[in-house]
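Morning, everyone. Please bring up the model on your screens, and we'll walk through it together.

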Amino acid sequence: MYHYIRDEPPLRGSDLVGCHCWSHRTFTMRCLLSAVLLPLLLRPCTGADWCYQTQVSCPSHCKGPDQWKLVNKDCGESRQSPINIVTKKTVLDERLTPFRFTGYQTVFDSTMKNNGHSVQVNIPITATVSGGNLEETYKAVQFHLHWGNNGGPGSEHTIDGEQYPMELHIVHMKQRYDRLEDALKDPSGVAVLGFFYEESTSTNKKYNEFTHGLRSIQNTNGNTTLRKISLNQLILPEANMTNYYRYDGSLTTPGCTEAVVWTVFENPIPLDIQQLKSFNDLKFKDGSPMVGTFRPIQPRNGRVVYRSSGVAVIASVILILASISAALGLSRPN
Ligand SMILES: *[C@@H]1O[C@H](CO)[C@@H](O)[C@H](O)[C@H]1NC(C)=O
Ligand SMILES: *[C@@H]1O[C@H](CO)[C@@H](O)[C@H](O)[C@H]1NC(C)=O
Ligand SMILES: [Zn+2]
């Protein structure tokens with residue numbers, strides 16, 4: 001095991017940032033032991049593990065998002081995801097036409113798995129997406145989600161600073177590749193479709209099978225069969241998928257590979273609060289609730305975010321009208 005020590009960078013002050021002993025200013029001897037000595041001793045076993053900010057603590061000493069670049073240097077590169085989308089800075093792109101989907105309506109059985117960071121479902125059928133100014137046809141490989149705590153903020157992308165409760169990622173790769181590893185060597189080899197969720201008062205019955213399945217995979221590496229689902233039933237009606245944002249980015253977990261053409265849809269998928277809370281049933285490897293499974297937003301670094309026609313424009317016209325009428329004293333709060 002000890003040969004791993006040589007692969008590790010030396011322990012630095014920044015390794016301890018984020019540890020609760022420091023943030024809470026309760027720097028006891030026990031903290032000193034667990035923050036400084038234990039990591040030195042345990043590093044060969046646990047030091048390389050990446051984790052979300054909610055998992056960073058003295059005993060686990062896994063590497064939180066601000067240290068992912070030590071796990072894989074790509075995580076510190078310049079076109080990382082997720083980002084905050086500032087709608088008034090997005091650029092209208094007429095080439096962002098509606099998508100063409102195939103196989104999205106096909107009903108299939110698959111395995112849903114708690115992989116220690118999320119719930120993931122591999123897609124065993126051929127389902128493809130093209131159009132929408134994608135270079136070529138991409139086929140669906142897997143989908144997984146990112147969420148908060150009990151329906152609180154949990155999406156990865158944010159819109160004008162707003163974080164939605166959850167975000168679905170359907171990961172696709174160019175059809176000509178057989179393995180995701182190969183697609184990740186191509187700067188546009190992967191296309192991820194990202195959907196937000198919003199809390200609604202009515203239950204989204206199309207998600208019942210999925211959310212009930214979560215109870216059977218509470219522990220890391222737990223898996224269960226998900227029967228008779230289709231991709232269509234998990235996403236939006238096609239008419240609501242014409243409004244979306246597009247930019248070039250990366251995977252949002254290590255290795256953070258910069259090979260992703262991102263599509264983030266404007267309309268959120270509705271789930272009720274119980275459905276959102278059901279994701280708290282899942283547990284991280286250490287048995288704590290799997291919550292806060294999102295990477296913080298990354299610098300845009302001059303990248304342009306494009307929008308399809310329809311997005312944001314109507315909203316801004318309404319805002320302009322509202323502000324004109326407010327300025328003219330035509331509306332008053334009641
Ligand atoms: C699901 O779990 C069983 C054991 O409970 C294991 O044998 C099987 O390989 C797992 N399947 C997947 C896809 O992880
Ligand atoms: C789809 O779009 C219509 C019209 O904008 C809207 O009324 C409806 O709520 C949307 N549905 C979803 C699921 O976003
Ligand atoms: Zn993701």
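One definition to begin with: buried means under 20% relative accessible area, exposed means over 50%, and partly exposed is in between, using a 1.4 Å probe and protein chains only.

Now the ground rules. This is a predicted model, where local features need pLDDT of at least 70, side-chain atom pairs count only at pLDDT 80 or more, and totals for chains, interfaces and linings use all residues. Residues are numbered from 1 along each chain as its sequence is written, chains are lettered from A and ligands numbered from 1 in the order in which they are written, and side-chain values use heavy atoms, with hydrogens and water left out.

Disulfides next. A disulfide is a covalent bond between the sulfur atoms of two cysteines. Here the rule is a pair of cysteine sulfur atoms within 2.5 Å. How many disulfides does that rule give? The count comes to two.

Take Cys-75 and Cys-256. Their sulfurs sit 2.1 Å apart. The link is right-handed, with 85° about the S-S bond. It connects distant parts of the chain, 181 residues apart. Cys-75 is in the loop between H4 and strand E1 (84-85). Cys-256 is in the loop between strands E13 (244-249) and E14 (260-265). Helices (H or I, at least four residues) and strands (E, at least two) are DSSP runs, numbered from the N terminus. Cys-256 is buried, at 0% relative accessible area. Cys-75 is buried too, at 6%.

Now Cys-51 and Cys-62. Their S to S distance is 2.1 Å. This link is right-handed as well, with 80° about the S-S bond. Both cysteines lie in the loop between helix H3 (29-46) and helix H4 (68-71), so the pair ties together parts that are 11 residues apart in sequence.

On to the metal. Which residues hold the zinc ion, ligand 3? The protein donors are His-144 (NE2), His-146 (NE2) and His-169 (ND1), 2.0 to 2.1 Å away. Donors are N, O and S atoms within 2.8 Å of the metal (3.2 Å for Na, K and Ca); water is not among the atoms, so sites may look incomplete. The spacing along the chain reads H-x1-H-x22-H. His-146 is in strand E7 (residues 138-147) and His-169 in strand E10 (residues 166-174), 23 residues apart. His-146 is buried, at 1% relative accessible area. His-169 is buried at 2%.
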